[in-house]
Amino acid sequence: MRNTSKTRGPNAGDRLGQAVLGAIARGPWLGWLAALLYGLWAVMILGPQPWASVIGAGDTDLWEYTGFYLREHWRWWPLPHLLLETDRALYPYGGPVALQAWGLERDLFWAALSAIWGPGPWLKLYFLLSVAIALVGMARILRPDFGERRAIGTAIGAVLLNVYAIVGKFPVHSNIAITHWTALSLTMDFVLVHRWARGRAIERVWWLGRAALVLLSLGQDLGYVAGFGLLSLALSLGWMGAIALGRWGRGQSGSLQTRAQSLIQALHGYLNHRHLDHQWMAPGASWRQPLRPIEWGCVGAIAAATWLYLLPVLPIVRAAKAFDWSNTFDRAWFAHPLRLLAPYWPGINPIEAADWWRSLLPSPLETDFDGVVGWGLLLAGVIGLVRGRRHWAVVVPLWLMAIGLLAYRPWDLPLLQIFPWFSFNRVAGRGTVVLPVLLALLSLGWSADWRRSRFDRWAVLLVAIAGLLDLTGGYGLKLREQPSQLDRSFWPYISTLRQQPGVAVLDWPFCVTGGNGVGSGDGTCPFFAHNPSTHALSRFHGKTTISSYLGRMHPSQVAPFVQAGWPLLALPDDPDVNRTQRQRRCFWDDEWAFFERFLQLGDFAGVNLYLDRLAPGCEGQFFAQLGQPIAQTSIPGMGRLVFLPKPAAWQSLIDLEQVRSLRFEPAIDGREPDLVQFGAVRGVAIVSGLDRPRNGRRWGLAPETVLDLRVDRPQTLRLQLQARVPVADQSLKILLGDRLLWQADRLVEGQTLVLDLPAKVPAGRSRLRLIYGRSRFLRDQVPAAGNRPIALTFDRFAIQPITP
């Protein structure tokens, strides 16, 4: 007989969902899953050469080099500190190097292991430890309040689904990828606010642990990663204080003095475990009781981190703040908040769909990973936020931090710069590294009950499927990368170079630049796209280098190279550093004379010659002048490299005072005269107000463009300008010394200005000035313009003698 009852049991799909989710829900299974994912991930990170150093193009080489620099410049007496003035880089002039992306814990780890065993996979091992600490630490912090299953699941999502850090930033930006103490800081802040908002006891060990994490975080990247942990602490303590004042205020009456006395009494009771009438403040353990072993561990971590990190960090910060940045210009990056909707799924991830996303949400991105967290974390965070809305007070600091990171635009909306530790934060998209942690913590507002709730059953499956797609799609990008592998000839090459007499090596072409663009626009790093990190090879050969690539560089640091005339020897085939490939020609005779004299006077072992950056056939000129190479190799991202030892007869000519005062100052000769086409012109020194070439153009910057002209005899020069006016009602004066050459008071926006002016100059130096009345920022139309005050856009700016 058929059952006609309207009561229905769970259908087959629901039963299957319950069975699958019931198996997944067991804590031990999640633990094994986390271990399996970690193992697979570790194999991927170690790569096909698991015992090899991390080496590659661009920024990848920087992070082992900072460890090498620390190994050579770390001092323990009288207090641990890092020597921040050196000529190990920027040779022979030397200079400060505080403006580097230091991570003292990372650098000390690399320095210690390399001092014992030499070059090796120490950076990769440190990253493996970082992820393990974050994974286990988050689960351990969350377990007392949320249970083992939810704690492990949250840790997996926050750490192993952080595709931005694992795929987008390691190893190219390892400083941003390494976030374990900061991830634990955000997690502990969440637990503290969770307990505080619900009136639960916070034991002494939690406060000691949070203090330890503050100091331990100082061992991570100082400009970004450590700052995110400090931001979380500031927001959390501020919100906890607001909650405390609100609760205290609601239960008090009388005069302001009476209320103040009551608050002081409540705080005193909190520290001495007298509950009074403020049960929500009870610490759960008296501060006068003896410390437990775990608390002694926190105290030890506080002492060790203070000694190893805080004491050395203070002079680094002080030295970085000593520079005057008031007359410098910079570019900044940010990610549109709607990039959160981009998935990491195979085929439609932010790399495959980069052009589509850029056209839909235009913003000056540092990388296409910026702002993307994946749909698995996003769905879990949104559901947790909705389901936990009754306890909204718990997540206010998370919300404030997420809004601050997503809305931050360094110029237009400098929210983060309210906090002093973000004064050098110019890449807003790097806040993406902590968004997975924030979303994972938000998901804890959702306590899924799949036995009773059909929504929870299918929501968990949907989040799991989305997370799996993010995992396969995101990590698939990593697996498709071509890993950098060292050629067999590399170590013999390094051994040969190391054995040569001389403290330094001359990399040619060398690169002196900063991540903020200083140097690349001054002609001291003409091939930034190819060999910015040549200096990092010193971690293998041990020689001092001219090259240096700092996270941020001040113009004063490149000034000695500009004054010496090195931009005139750069000779890029395109002055735009993003398009240049190699030098456009070989040296002329006077250029060779300067180069050889510099090599003679400096204490060089020889020349590291990057063949792929020379004009075709010019290596023969080097061989004819300096002798045949004695070693050769090929380096990932840098190309073919040969070593030319310094001729033995020149070893007796070393004179460091002379080499520092050496100058290459040719007169204007009419060859290669255009500052737009060639970047640098012989006999013309750019004093100020002329930005580097971009896409066949060059910007004149307000208030004036100043050039020094040098001729060897009195003559008439020809000044040719072709420029576009980007601002309405522009005025322009062109002066040679005190003499007015040309003037206009009301130039029209969009007008093309074409001038061909004769200028009589005496022998020696003369100063040419273009004085502008107005300027504008073009960062919204041209992100590369940054915060530069654009007054004119030059298509041609040529200075040459008039042939008699």
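This is a predicted model: local features need pLDDT of at least 70, side-chain atom pairs count only at pLDDT 80 or more; totals for chains, interfaces and linings use all residues.
# Notebook: disulfides, rings and a covered helix

**Disulfides**

I searched the whole structure and found two disulfides. One of them is formed by Cys511 and Cys525, with the sulfur atoms 2.0 Å apart. I looked up the torsion about the S-S bond of Cys511 and Cys525: it is about -90 degrees, so I logged this disulfide as left-handed. Where do Cys511 and Cys525 sit? Cys511 is in the loop between strand 5 (504-508) and strand 6 (512-514), while Cys525 is in the loop between strand 6 and helix 19 (538-541), and the two cysteines are 14 residues apart. Both Cys511 and Cys525 are buried.

Next I took Cys586 and Cys618, which are joined by a disulfide with an S to S distance of 1.9 Å. The torsion about the S-S bond of Cys586 and Cys618 is about -95 degrees, so this disulfide is left-handed. I placed Cys586 in the loop between helix 21 and helix 22 and Cys618 in the loop between strand 9 (604-610) and helix 23 (619-626), so the pair ties together parts that are 32 residues apart in sequence.

**Gln583**

Gln583 also lies in the loop between helix 21 and helix 22. It has a relative accessible area of 4%, and the cut-off for buried is under 20%, so I call Gln583 buried. A polar atom of its side chain lies 3.0 Å from the backbone oxygen of Ala570. Leaving out residues up to four places away in sequence, I listed what Gln583 touches, and the list includes Trp508, Phe527, Asp573 and Arg613.

**Rings**

I count 44 aromatic pairs in the structure. For Phe419 and Trp421, the ring centres are 5.3 Å apart and the planes are at 25 degrees, so that pair is stacked. Trp421 is partly exposed, with a relative accessible area of 26%.

Trp566 and Phe595 make an edge-to-face pair, 6.5 Å centre to centre with 80 degrees between the planes. Trp566 is in the loop between helix 20 (555-564) and helix 21 (567-570) and Phe595 is in helix 22 (residues 589-601), so this pair ties together parts that are 29 residues apart in sequence. Both Trp566 and Phe595 are buried.

I then looked at charges over rings. Arg585 has its charged end over the ring of Trp588, 3.4 Å from the centre. Arg552 lies over the face of Trp325, 4.6 Å from the ring centre.

How many residues of helix 16 (residues 435-442) are buried? Eight of its eight residues are, so to speak, under cover. Among them are Leu435, Pro436, Val437 and Ala440. The cover includes helix 5 (122-160), helix 8 (180-197), helix 14 (375-387) and helix 15 (396-407).

I found Met401 in helix 15. Met401 counts as buried at 2% relative accessibility. Beyond residues up to four places away in sequence, Met401 touches Leu186, Phe228, Leu231, Ser232, Leu235, Val434 and Leu438. Leu438 is one of the buried residues of helix 16.

Conventions:
Residues are numbered from 1 along each chain as its sequence is written. Side-chain values use heavy atoms; hydrogens and water are left out. Rings of Phe, Tyr and Trp (its six-membered ring) pair if their centres lie within 6.5 Å; planes under 30 degrees apart count as stacked, over 60 as edge-to-face and the rest as tilted. Buried means under 20% relative accessible area, exposed over 50%, partly exposed in between (1.4 Å probe, protein chains only). Helices (H or I, at least four residues) and strands (E, at least two) are DSSP runs, numbered from the N terminus. A charge sits over a ring if NZ of Lys or CZ of Arg is within 6 Å of the ring centre and within 35 degrees of the ring normal. Contact means heavy atoms within 4.5 Å. A polar contact is a pair of N or O atoms within 3.5 Å; within protein, one must be able to donate a hydrogen and the other to accept it, and residues adjacent in sequence count only if both atoms are side-chain atoms. A disulfide is a pair of cysteine sulfur atoms within 2.5 Å.
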